[in-house]
Amino acid sequence: MDVKDILLWRDIKVSAIVFVSGFVLLVCLTQFSVVSVITNIALICLAPMLALRLLLTARSAVSKSEFEHPLKYEYLIFICISIVEVTF
């Protein structure tokens, strides 16, 4: 998806979501401070992540298995890259 496609409304659903969310953001900025709007957007993004984490933890507790973080391997790769960069 390109910015040109969004501006020319080639995919109506994506363009509508982008422009409606931008409009809502502008209306919120007229009513509330920038810091308040940014923190509320951050909370809206964090809530599903917290719910997913709690759901996975509860599922592993019910099935009596060890909870493995979904991004465990990506974290390990990042840590290995960081160690290599520090040692050289």
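Helices are DSSP runs of H or I of at least four residues, numbered from the N terminus, and it is in this sense that Ile12 is found in helix 2. The model described here is predicted, and every value given below was computed from that model.

**Overall architecture**

The protein contains 4 helices and 0 strands, so that, read along the sequence, the pattern is α-α-α-α. Of its 88 residues, 6% count as buried. The accessible surface comes to about 7,800 Å², and 75% of this area belongs to carbon and sulfur atoms.

**The loop around Trp9**

Trp9 lies in the loop between helix 1, which covers 3-7, and helix 2, which covers 12-31. Although Trp9 is not a glycine, its phi is positive, at about 55 degrees. A search of the whole structure finds 1 aromatic pair, and this pair is formed by Trp9 and Phe19, which are stacked with 5.3 Å from centre to centre and 15 degrees between the planes. Because Trp9 belongs to the loop between helix 1 and helix 2 while Phe19 belongs to helix 2, the pair ties together parts that are 10 residues apart in sequence.

The structure also holds 1 salt bridge. Asp5 and Arg10 form this salt bridge, with their closest N and O atoms 2.7 Å apart. Arg10 counts as exposed, because its relative accessibility is 55%.

**A nonpolar patch on the surface**

Which residues form the nonpolar patch on the surface? The patch is made up of Val3, Leu7, Leu8, Trp9, Ile12, Val18 and Phe19, which together have about 670 Å² of accessible area. Helix 1 and helix 2 each supply at least two residues of the patch, and the largest share, 3 residues, comes from helix 2. Two members of the patch, Trp9 and Phe19, are also the partners of the stacked aromatic pair. Ile12, another member of the patch, counts as exposed because its relative accessibility of 56% lies over the 50% cut-off for that class. Trp9, at 40% relative accessibility, counts as partly exposed, and Phe19, at 35%, also counts as partly exposed.

**Accessibility of selected residues**

The table gathers the relative accessibility of residues discussed in this report.

| Residue | Relative accessibility | Class |
|---|---|---|
| Trp9 | 40% | partly exposed |
| Arg10 | 55% | exposed |
| Ile12 | 56% | exposed |
| Phe19 | 35% | partly exposed |
| Cys28 | 26% | partly exposed |
| Cys45 | 43% | partly exposed |
| Ser60 | 9% | buried |

How many disulfides does the structure hold? The number is 0. As for the cysteines listed above, Cys28 counts as partly exposed with a relative accessibility of 26%, and Cys45 likewise counts as partly exposed, with a relative accessibility of 43%.

Ser60 lies in helix 3, which comprises residues 34-62. Is Ser60 buried or exposed? With a relative accessible area of 9%, Ser60 is buried, because that value falls under the 20% cut-off for burial. A polar atom of the Ser60 side chain lies 2.8 Å from the backbone oxygen of Thr57, and so this pair of atoms falls within the 3.5 Å limit for a polar contact.

Note on methods: Residues are numbered from 1 along each chain as its sequence is written. This is a predicted model: local features need pLDDT of at least 70, side-chain atom pairs count only at pLDDT 80 or more; totals for chains, interfaces and linings use all residues. Side-chain values use heavy atoms; hydrogens and water are left out. Buried means under 20% relative accessible area, exposed over 50%, partly exposed in between (1.4 Å probe, protein chains only). Patches are made of residues with over 30% relative accessible area and no salt bridge: like charges are joined within 9 Å, nonpolar side chains (Val, Leu, Ile, Met, Phe, Trp, Tyr) within 5 Å. Accessible areas come from the Shrake-Rupley method with a 1.4 Å probe; for residues, only the protein chains shown count as cover. A salt bridge is a side-chain nitrogen of Lys or Arg within 4 Å of a carboxyl oxygen of Asp or Glu. A disulfide is a pair of cysteine sulfur atoms within 2.5 Å. A polar contact is a pair of N or O atoms within 3.5 Å; within protein, one must be able to donate a hydrogen and the other to accept it, and residues adjacent in sequence count only if both atoms are side-chain atoms. Rings of Phe, Tyr and Trp (its six-membered ring) pair if their centres lie within 6.5 Å; planes under 30 degrees apart count as stacked, over 60 as edge-to-face and the rest as tilted.
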